[in-house]
Structures are given as C-alpha cells and as structure tokens.
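I set out to record a few points looked up in this structure. The entries follow in the order in which I took them.

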Amino acid sequence: MRMITIVAVVALLFLSQKVLAGDDPAKDPTSINVHVLGPEKLGGLPTVPVPPGNPQTTAKILLGKQLYFDTRLSKDNTVSCATCHDPAKGWSDAGPTSAGIKGQRGGRRAPPVSNAAYLPLQFWDGRAPSLEEQAKGPIQNPIEMGNTHDAMLRTVSDIPGYLEEFKAVFGTGPMTVDQVALAIAAFERTVVTTDSPFDRYVRGSKDALTDQETWGLEIFNGKGHCTACHWGGNFTDGRFHNIGVKPTDPAKPDLGRFEITKDPNDKGAFKTPTVRDASLRAPYLHDGSESSLESLVEFYNRGGDTDDPKLDPLIVPLALSTAEKSALVAFMKRAMVSLNPEVAKVRPIPPSALPK
Amino acid sequence: MKKVLSTFVLSLLLWSLFPSTGTAIPAFARKYGFNCNMCHAGFTKLNDFGQRYRDNGYQIPGQQGGEKTVFDQGPPLALRTSAGLSMYKQDTRTTNSFGIFGLDLLAAGVFHKDVSFLLIYTPRVDEPAGDFNGPGTGNNPAQLGGIESANIVFSNIVENALNLRVGRFEPAYHPFSSKRKYTLFEPYEVYAFATPTNSFVFDDNQMGVEVTGHLAGGFKYASGLVNGNGANPDNNNAKDIYLNATQTFGKGDGQTAGQRVGLFGYYGWQPVDLATSLPSPTGETSGTNNQPFYRTGIDGSFSYESLNLGVLFMTGTDNKQLNTLDSTKDYMFTGGFAELNWAGFMNDRIIVSLLYNWVRPPSYDASRKIDAYTAMVRYYLGDWSAVNVGLHAEYTFRRTGESPKVDEHLVAFVVDFAF
C-alpha cells in the first residue's frame, strides 16, 4: 500500500508539472503558427487575411499581376511565376514536377497559388512564413527562374513602365526585391477560389451537388478520413504529414519538412494542399506521382505506399468499395471547383500587354 | 431554488440540442464537424483512426495542442439510447415487449493539451410494467443507474509510448470492446461469465489506473492496477494487475485494417473472509484471506477489405477456496468468441455481423455451459453530421447447460440513436 501511495504521489507530481508547464515553446516560430491550428469544420472560405505590412490596393494588385506573368523576372526570360503556377492548370502545372529555365526539373511539383493566402507556411516544406517570403524564393532558385535578386531588379528597373508603377505604388526610392514580393503577394491574395458547388451546397442549395457527390462528401468527411487533414474552409490543416509516398530515388529520398526543422518526426512530411480545384491540377502529391484523382484515392485507400516508421498515424487503409471511391472522386472532380468568375476568368497577361 | 435548477437544466439541454451550427450532434463529431464514420466502422465499433484517436486522449493524432478544448466549444455532451421491440422464447414460453434497452449520457473532451476526460452516466431505466421483478437485482431489468466511466487521461507523457488513465474506465485488457460492439443484446459471453463467490467480472469497467502506449513497429501495450470488482469500492487491500500486448502487422491498428494478434492476462485477489465492518469512509473494506484468480487469453483481429474477423480465446481459474461448488478444486473454465463483421455500402451505412460465443465451465457446473449464435444487421439513416440513427435487427439462439439443455431465442428490432 505504501508503495502504491509513493508511486501515485510521484505520478501526480510529474503530471502536474506537465500540465502547469504548458506547451513547450517551439524553437522555430514558423512551426508555432502551424501547431496552434486546430481542426475546423468544412465550410466556406473566410475573408482573406492580409498582413498589416502589405495592405491591398488596386494598383499594387495590378503591378503584382503583371510581375506574376512576366518572364523577364527569370534569367533567360523564359519563366514567370505563372509558368509553374498556371491559372489554366489550377494554379499549378502539368507536372509531374515543375520545369524551370532550360527545361530543368525539380523534385517537387508547384503547389497551387490559389488560396495560398490562407496558409501560415508556404512551399511543400513550409520554409517560407508568408507569401512575400515565398515570392522571393523561385527568382533565385537555379532550376526555377535561375536569376539573382540584383539581376532581376536591374532588369525590371530598366523598364520605364514598371518604374512608373512602382513609384505609384511604393513611392520614390530605389526598387527593391521586397517591393516585388509585396506586389506579387498582393496579387496572389486575390486568387481565392470560392463559390464552388460545395460552397453553394453548404449555403443551403441542396441541389448544388448530385446524389453521388453528396455521397462523396459524406465519405470525404467520414470513412475516407479526408477531413482529418483537409479540414476547414480551405480544406487543409496547413500542417505537414508523411503520407507514405514512395521516394523516386530511394538512395536520396526527399525528406520534406525535416530539411527545415531537423525534427526526425518530420522526415518525409509535406504540407497538406487544398482540395479546392484539385481536379484542375493533376497530377497529385508533392512529386506528382499520382496521375489522377482516381489513382490518388487508390493511394489513400491502400494506406500509402511505404512502411516508413514515420508514416503519419492518420494514414490507414480505408477499405473503400468501388462505388465509394467513385463517389469520392465525383465530389472532388466537380463539386470543389470554383465558379468564382473573378478567379475563373484570370488569363495570363500576354507579353505585349506587360509594361514596356 | 427548484425553479432555478430546472431552468438551468432546461437551458443546458436546449444548449446541447441547438449548438452554434444549429445541428445536434455527438460531442466529438460535433466538435470537428466530422461524420461518425471518421472514427467508427458504423457506430459504435471504432475503426483504426478512432482507436488511435481514443488512445491519444481524444485528440487527433499529431494535432494535439491545436485541438479546441472544452472551453472553446459547445457543451461536450452526447446521448445514446436504443428503443424498440424485443421478442423472447424459452422452450414453449414466449414474451415480447417494447422497451428502452439502454441510455447513456456522455460528456468528453480535452481540458488542455494532452489532458482529457470521459464521463458516461447510465441512468436507471425502468421497464414500463410495474409488476415485473427483475433478474435478481431488484425490480429493474433494463438498466441500473450508475457511473459507467469517469476518468481523466494524461496523454503523451512519453510521445505515443506512455499515456495514463485514472478513474473508472473500460480496461484495455478487453481486446474487443464490449461497450463498442455491434450487438445490443448478446454480450461477449465469456466476458460476462461470473464464477462462484468471485465478484470479478471480466466485462466490468474497473476503477484504478492504467498505462497504455504505442511502440515502434505496430506494438501496443496496456497495463493497469485496479480494484477488480467493477464499480464498487475495493473489498480488500490487494490490488489486481493486468497486462495486454498486441502486435499489428501491416498498416492500421488491427481494428478494421491490419492484422492484429494479442495476449492478455489478469491477476487478482478476492477475499474469502469479507470484512464485517466498514473501516473506511470512502467505502472500501478490508476483506482477508485473499485468494488469487486469473484470466489469460489470446486474441486476433483479421481484416480483408470490408470484412473483419475477431477471435478471442480465454481461460479462467479461481483458487479452490473461492470455489463454493467444489472446494477441493480450482474453478477452471474456458471460453471465447468469433465475430465476423462486414461494413459497407456508401460510408458503411450497412453493417452485418455474425457472432458465435461459447463458455465451457467445469463439468460440475455444466448447467452454465453456453453456446450462442447471433446474427445482426444494422442500417444507418442519413448523413446528419454526427446525429446517428441506426435501424438494428438482431437474432440470437442461445443454448445453456447439457442435461437439461435450455434453448433461448431472442429477436429484437431497435432504433439505436445517438446525438
């Protein structure tokens, strides 16, 4: 009895310390943003969050749009943001991974720009804490735009039309890479894919979804376990998961989030993408290894393709029937596609219409 | 005062019925907006995700810290009840009755990262027939009032590997949960089997502490220290101990995915000489001449597509001093069950279950030999964001004893309702 008492007291002391201590402060401030995100119910998208340091203005958004579609930001004038984040391809690309200057291919495909404004961390591995930071990255990535920030600024500041616009938006003074990033991010915050059949359905139009799509939604939120990660208005938790994607090169696997955090639990973990407009941007997964929504559902149905010890505990075989898989695909194929005309009609700005 | 109280209770009920979403849903599903089958392969059986969620202290694995606490959500209350018609036949005698076959009031949620709780209160449910005398425990055959579960969980003391549950809980030595099985009327007979004198029943929830954990490679363990006599304060000073270890092969947790095998053992003591006084203000007594008993068994859960086969074999031994039928021998019995479940049709709307139970007591207690065969089908209505209505039909043929044999038939049609 005395032994039991001693064990109980020690256990309670230990536990009270654990409770009173609260959450361990994360070393990386960017990871705090992610880990305080709690599961939210599926629903419509909220108002786009705008950082105080980069308020939205019409002129800035237009400038950002021009820069977004301008290949002159790249070293050889062949690649723009839109090359890999193409509005016609769901704000991603044809894949399987993205091609930069001289046809070079990276190991990952372009994450969609649409609704990226809602994400606390950018890139598949979350290495950028904002759209502004993200926008700077590809310009100087040797296999994406292959440029340097200084060279890009020299190019852009030699274009009188841009000089005039930068002056109007940011005032006098030398053009900076931060200003370029602010403008591009401001444009990207307008790329919000709302008003899908799903949005109309949750607003009360029960005939916005077909019967099969309604089944699909039920499975998405139930047996399919999709909402365990794809939750909230943007259908993503913004977190990082190892879902069992088999590495293309087992000798040099892409370690994903681990490359940033060095936390062994993050090995092979990649950010959860939004499901909105997913059918517009096949192939799927960070490496484009699943060619269609059908094969993507099969991938999840078998519980991923690896026995990685770091496989996320949320990934389990689902035992979906053929009809259940078809319903799930039907839901994602049409019901999640935005009908928002402002976004749907975005077209690339042709070079002839860019500032001269 | 009574008016204030009744207003408060009414407000609480209305609040729980009409949360902010305008939909009445069970506590966990309401919190997330999930469909019930996120965690259940057709409620109430947990699927692999649900099992991991429970093991993680009612937090989505990997998302602890981001979970809404009970202070940030609607009231974490839920209710489950089943009502319908049961028909019973024993030899030539038959009965049939409408009834309420159970009522659970549940509250559960997260207080703080890795600190959560579960409370299940089962109120007394009387049969409508006032002249009916219940089986041995008074005059209530349907349900006695009581706290089925009241526990607090400290999760991830060591990440995934050490969780602690304190209070009254369903012990982890149940490889298959008797609280979350599909059949409503037929129990796992070997769980419910009571031996002479011994107040331990395998099926009971227990009071005490339990540690559980997931280790690498699909290995899980659970161990606990409990009173050993269910809901009651202990009747001796010796605590019972148990251990359960399972290994899952393949992906999943051995619920509806992956192949799971396990071992379990329970070792306890019961007093032969019960204390005649009440030494403690909290109810326990200091029975003496404690004699040991144990239960050991193996189990397996095997899944293929939408089929799951669960099997369990158990042996039980009570020390001969607890054996009032033959005090020269230990009381030894074996038993088990095999359960084949199919869950399917659009988000597992249909469940079909076949269950075979057997118990083999010693020859001098042959009148309690059991063979029971059960078939069950359920259909769940609608996707009502975690309001769950199951239409449930169940049939059991149960044969007890050897000579004479007693044959029983039970058929029930029930609406099983949870919100």
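Entry 1, a histidine. I located A:His241 in strand 1 of chain A, a strand that covers residues 240-241. The model is a predicted one, and I kept that in mind for every entry. Is A:His241 buried or exposed? I found 23 C-beta neighbours inside 10 Å of A:His241, so this residue counts as buried, the cut-off for that class being 20 or more. I then listed the contacts of A:His241, leaving aside neighbours within four places in sequence: they are A:Cys229, A:Ala269, A:Thr272, A:Asp312 and A:Leu314. I also looked up the distance from A:His241 to A:Leu62. The two C-alpha atoms are 35 Å apart, and 179 residues separate A:His241 and A:Leu62 in sequence.

I turned to helix 12 (residues 293-301) and helix 13 (residues 322-335), both of chain A. Their axes are 10 Å apart, and the packing angle is about 130°. I noted the crossing of helix 12 and helix 13 of chain A as right-handed. Which residues meet here? From helix 12 of chain A I recorded A:Leu293, A:Glu294, A:Val297 and A:Asn301; from helix 13 of chain A, A:Lys325, A:Leu328, A:Val329, A:Met332 and A:Lys333. By class, this contact has 5 nonpolar, 1 polar and 3 charged residues.

The domain assignment gives domain 1 as 58-192 + 341-353 and domain 2 as 197-335. I read a separation of 27 Å between the C-alpha centres of domain 1 and domain 2 of chain A. How many residues are in contact between these domains? I found 21 residues of domain 1 of chain A in contact with 21 residues of domain 2 of chain A. On the domain 1 side of chain A, the residues that touch domain 2 divide into 8 nonpolar, 8 polar and 5 charged.

I found 39 residues of chain B in contact with 35 residues of chain A. On the chain B side, the elements that give two or more residues are helix 3 (48-55) and strand 4 (146-158) of chain B. Helix 3 of chain B provides the largest share, 3 residues.

How values were computed:
Residues are numbered from 1 along each chain as its sequence is written. Chains are lettered from A and ligands numbered from 1 in the order in which they are written. This is a predicted model: local features need pLDDT of at least 70, side-chain atom pairs count only at pLDDT 80 or more; totals for chains, interfaces and linings use all residues. Axes are lines fitted to C-alpha atoms, for helices over the stretch in contact, and angles run from 0 to 180 degrees between N-to-C directions. Helices (H or I, at least four residues) and strands (E, at least two) are DSSP runs, numbered from the N terminus. A crossing is left-handed if the near helix is turned anticlockwise from the far one by less than a right angle, and right-handed if clockwise. Two residues are in contact if their C-beta atoms, placed from the backbone, lie within 7 Å. Ala, Val, Leu, Ile, Met, Phe, Trp, Tyr, Cys and Pro count as nonpolar, Asp, Glu, Lys and Arg as charged, and the others, Gly among them, as polar. Domain bounds come from an automatic or database domain assignment. A residue is buried if 20 or more other C-beta atoms lie within 10 Å of its own, exposed if 12 or fewer, and partly exposed in between; C-beta atoms are placed from the backbone.
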